[in-house]
Amino acid sequence: MVKIIDTNLLIRLKGNNINEPVQELYRLHFESVVYYLKGLGCTEEDAQDIFQESILILIEQVQQDKFKGDSTIKTYLTGIARNLYLNTIRSKTRRNNREELYVQ
């Protein structure tokens, strides 16, 4: 169930001027998402980059009506960030495995 604050934020993200709602997303969720990613082993700098990318994905999904509101924005944003981080780890692992194959 989406909170009233989330509903208001979603409506503003669909508008023409998204600067204010994006700033609000940072204010409300930046610290907790970065903290979560660091708990997974992500560096501070990478966590900040992933958060920025997560915001862009969230905005795109909201504007395309792909965000259904089955969870809060915080939960959804954290899930996006987690998936981005896990994809980065998988990519690094594959690259390292390929390098080991060709070095031998």
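Contact here means heavy atoms within 4.5 Å. This is a predicted model, in which local features need pLDDT of at least 70 and side-chain atom pairs count only at pLDDT 80 or more, while totals for chains, interfaces and linings use all residues. Residues are numbered from 1 along each chain as its sequence is written, and side-chain values use heavy atoms, with hydrogens and water left out.

The protein chain has four helices and zero strands, in the order α-α-α-α from the N terminus. Helices (H or I, at least four residues) and strands (E, at least two) are DSSP runs, numbered from the N terminus. Of the contacts in the chain with a separation of 6 or more, 59% involve residues 24 or more positions apart. Buried residues make up 31% of the 104 residues, where buried means under 20% relative accessible area, exposed over 50%, and partly exposed in between (1.4 Å probe, protein chains only).

Two packed helices are described by the angle between their axes and the distance between the axes. For H2 (residues 19-39) and H3 (residues 44-63), the axes come within 9 Å and cross at roughly 135 degrees. Axes are lines fitted to C-alpha atoms, for helices over the stretch in contact, and angles run from 0 to 180 degrees between N-to-C directions. H2 and H3 are therefore oblique to each other; angles under 35 degrees count as roughly parallel, over 145 as roughly antiparallel, 65 to 115 as roughly perpendicular and the rest as oblique.

On the H2 side, the residues that meet H3 include Val-22, Leu-25, Tyr-26, His-29 and Phe-30. Among their counterparts in H3 are Ala-47, Ile-50, Phe-51 and Ile-55.

Rings of Phe, Tyr and Trp (its six-membered ring) pair if their centres lie within 6.5 Å; planes under 30 degrees apart count as stacked, over 60 as edge-to-face and the rest as tilted. By this rule there are four aromatic pairs. In one of them, the rings of Tyr-26 and Phe-30 have centres 5.8 Å apart and planes at 25 degrees, so the pair is stacked. Tyr-26 and Phe-30 are four residues apart in helix H2, and are therefore separated by about one helical turn. Tyr-26 is partly exposed at 29% relative accessible area, and Phe-30 is partly exposed at 22%. Ring pairs link Tyr-26, Phe-30 and Phe-51 into a cluster.
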